[in-house]
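Hello,

Here is the structure we spoke about handing over. Please open it before you read on.

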Amino acid sequence: MPYRAPVTEFSFLMDKIVNFSAVQETERFAEASTDMVHAVLTEAAKLSDEVMAPLQRAGDLTPARLENGVVRASPGFAEGYRAIAEGGWVAITADPEHGGMGLPLTVATAVNEMMAGACLSLQLNPLLTQGQIEALEHHADDAMKALYLPKLISGEWTGTMNLTEPQAGSDVGALSSKAEERGDGTYAITGQKIYISWGDTDFADNVCHLVLARLPGAPAGTRGISLFMVPKYIPDADGNPGVANSLKVVSLEHKMGLHGSPTCVMSYEGATGWIVGAPGGGMKAMFTMMNNARLGVGGQGVGAAEGAYQHALAFANERKQGKSPEGTIIGHADVRRMLATMKAEIFAARAIELDCALSIDMGRAAPAPEWQARAAFLTPIAKAFGTDIGCAVADMGVQVHGGMGYVEESGAAQYYRDVRVTAIYEGTNGIQAMDMVGRKLMDGGDAAYGLIDEIEAGVEAAKASQPELANAIWEAAASLRETTEWLVAQEMTARFATAVPYLRAFARVLGGHYHLRAALADPGGARARLATFYITRLLPEHVGLLAHVRAGDAALMAITPDDLAA
């Protein structure tokens with residue numbers, strides 16, 4: 001499938017929209033100059049376009065398979081992964097002490113999104129390893145870091161996360177996997193895990209599993225969960241893969257999409273593991289990896305949307321049907337509407353994604369509670385909105401193709417089938433919204449109000465040159481503030497009942513804010529026209545969403561299970 005990584009778009013967003021210069025001005029990231037970042041993005045784009053994009057269809061048509069207990073990757077994936085690893089792309093944010101690049105997460109987020117747009121099935125593998133690297137950097141002891149981090153960073157070994165069990169999905173505290181201390185510093189890990197992405201592969205020397213399990217006598221729920229490193233092969237005295245561990249892939253899931261990415265049912269049968277962090281600290285350590293993954297998954301949604309958009313745009317420019325000034329269907333008003341919607345939505349979701357990454361960078365480089373709170377508040381929005389937009393844009397891409405979109409040979413349907421799971425894994429989008437109105441509003445709304453203050457300041461700067469667009473954003477921000485004030489005063493049941501529309505409304509208004517900045521940077525140009533389209537046609541959705549929020553939970557919870565069955 002043709003794909004061209006949007007390097008120019010990332011450069012514009014970093015320069016004009018999310019103020020990446022603030023990251024560059026910190027001591028930690030002072031070496032991330034504009035020239036260096038552009039060079040990194042250009043090289044990543046080359047890899048995405050020339051190496052990964054040609055693997056997109058191969059992974060779909062020839063899925064990963066389980067053969068004699070070993071997962072065999074799709075054709076070309078081994079070579080593609082090798083190019084990723086040898087280019088250092090697994091290690092883009094990792095600590096240079098162990099061989100990483102040490103670049104800002106903002107840059108890594110752009111790189112990961114480009115790779116996801118090229119081949120989501122393959123990109124998921126290094127994304128998981130990056131999350132494991134971060135978890136080990138924060139929670140592992142020095143010996144474990146010295147053994148595992150260089151191998152993971154080089155790409156010789158890959159990493160996974162093992163949370164879910166048949167009876168314990170979103171309710172992680174219900175897990176039953178157990179860990180028993182052996183007295184020699186190791187633990188025997190026993191249990192079954194499901195939905196383990198890239199739980200095995202034939203192109204890495206070792207696969208390192210971070211597994212949640214419960215020690216004997218540990219309290220029920222999440223407080224009693226610990227985290228363990230359980231490798232496929234137990235490292236020998238020299239740190240090389242030794243004997244096989246007592247674990248296996250039981251089966252691969254037959255999925256709607258992402259066929260090139262094996263999703264494994266894993267069985268641990270007294271497997272040897274080493275504890276990561278303190279006993280009972282498993283969820284804290286795993287959340288380090290999960291929060292990294294949530295932003296990354298939001299970027300996967302945006303990347304898939306970009307791929308679907310490019311695919312649809314190319315088709316619309318070529319497909320002759322009916323009469324139009326352009327001679328192709330791109331001249332038809334409804335096709336133009338769909339393509340403009342796709343492009344405008346991608347810009348908004350990408351800006352949220354990069355702003356979230358920038359906030360994380362600032363929270364690390366110039367530690368301040370306000371940056372950390374901003375990052376925490378933006379993370380569920382980036383994940384949920386990015387993946388919702390991925391699904392919506394991919395679906396619209398099928399529609400642009402018309403009947404050909406429903407025919408697998410066109411490739412349009414694959415984008416939708418592949419991206420659909422992103423709204424589910426790493427915490428469903430409903431859970432993201434509940435986190436946002438629950439834990440993220442426990443500050444009384446301070447982080448939310450801080451973002452709304454930024455939006456209103458942007459409006460003030462735009463009133464002179466873009467009065468109509470600025471006024472629309474101002475009204476939306478005022479409504480969002482009033483609804484946030486109302487929501488903060490509600491009990492948790494009411495918050496949860498309206499969480500999804502609140503998150504969506506917040507994202508809508510943020511999208512308008514970023515588009516307004518783009519209009520200021522390109523007065524009278526293509527970006528200003530796209531901003532006008534978003535602000536006049538898509539932003540008004542926030543009115544209905546906020547009305548949904550203010551309706552509370554009473555009418556919803558009054559609907560009984562019997563009513564739903566009637």
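Below are my notes, grouped by type of contact and then by backbone feature. Please keep in mind that this is a predicted model.

Salt bridges

The count comes to 27 salt bridges.

Start with Arg 72 and Asp 202. Their closest N and O atoms are 3.9 Å apart. Arg 72 is partly exposed, at 27% relative accessibility. Asp 202 is partly exposed too, with a value of 37%.

Next come Glu 113 and Arg 350. They form a salt bridge with closest N and O atoms 2.7 Å apart. Glu 113 belongs to helix H6 (residues 105-118) and Arg 350 to helix H10 (residues 333-365), and 237 residues separate the two. Is Glu 113 buried or exposed? Glu 113 counts as buried, because its relative accessibility is 0%, and buried means under 20%. Arg 350 is buried as well, at 2%.

Then look at Arg 508 and Glu 541. Their side chains meet in a salt bridge at 2.8 Å, N to O. Arg 508 sits in helix H17 and Glu 541 in helix H19 (residues 541-550), so this pair joins parts 33 residues apart in sequence. Arg 508 is buried, at 1% relative accessibility. Glu 541 is partly exposed, at 33%.

Finally, a network of salt bridges links Arg 57, Asp 60, Glu 408 and Arg 417.

Aromatic rings

How many aromatic pairs does a search of the whole structure find? It finds seven. One of them is Tyr 502 with Phe 506, an edge-to-face pair with 5.9 Å centre to centre and 75 degrees between the planes. Both residues belong to helix H17 (residues 499-521); they are four residues apart, so about one helical turn separates them. Tyr 502 is buried, at 0% relative accessible area. Phe 506 is also buried, at 0%.

Ring pairs also join Phe 77, Tyr 81, Trp 198 and Phe 203 into a cluster.

Two charges sit over rings. Lys 463 lies over the face of Trp 474, 4.6 Å from the ring centre. The charged end of Arg 527 is over the ring of Phe 12, at 3.7 Å from its centre.

Backbone and loops

Leu 258 is not a glycine, yet its phi is positive, at about 50 degrees. Leu 258 is found in the loop between strand S10 (247-252) and strand S11 (263-276). It is buried, at 3% relative accessible area.

Glu 426 also has a positive phi, near 60 degrees. Its loop runs between helix H12 (412-419) and helix H13 (429-437). Glu 426 is buried, at 15%.

Asn 429 is in helix H13. It is buried, with a relative accessible area of 10%. Leaving aside residues up to four places away in sequence, Asn 429 touches Lys 383, Ala 384, Thr 387, Asp 388, Thr 422 and Ala 423.

Last, a hairpin. Strand S8 (residues 233-235) and strand S9 (residues 241-244) pair in the antiparallel sense over two bridges. Tyr 233 has Ala 244 in S9 as its bridge partner. Five residues lie between the strands, and Gly 239 takes a positive phi near 80 degrees in this hairpin.

Best wishes

Key
Residues numbered from 1 in each chain as written. Predicted model: local features only at pLDDT ≥ 70, side-chain atom pairs only at ≥ 80, totals over all residues. Heavy atoms only, no water. Phe/Tyr/Trp six-rings, centres within 6.5 Å; stacked < 30°, edge-to-face > 60°. Buried < 20%, exposed > 50% of the residue type's maximum accessible area, 1.4 Å probe, protein only. Lys NZ or Arg CZ within 6 Å of the ring centre and 35° of its normal. Contact = heavy atoms within 4.5 Å. Pairing = 2+ DSSP bridges. Salt bridge = Lys/Arg side-chain N within 4 Å of Asp/Glu carboxyl O.
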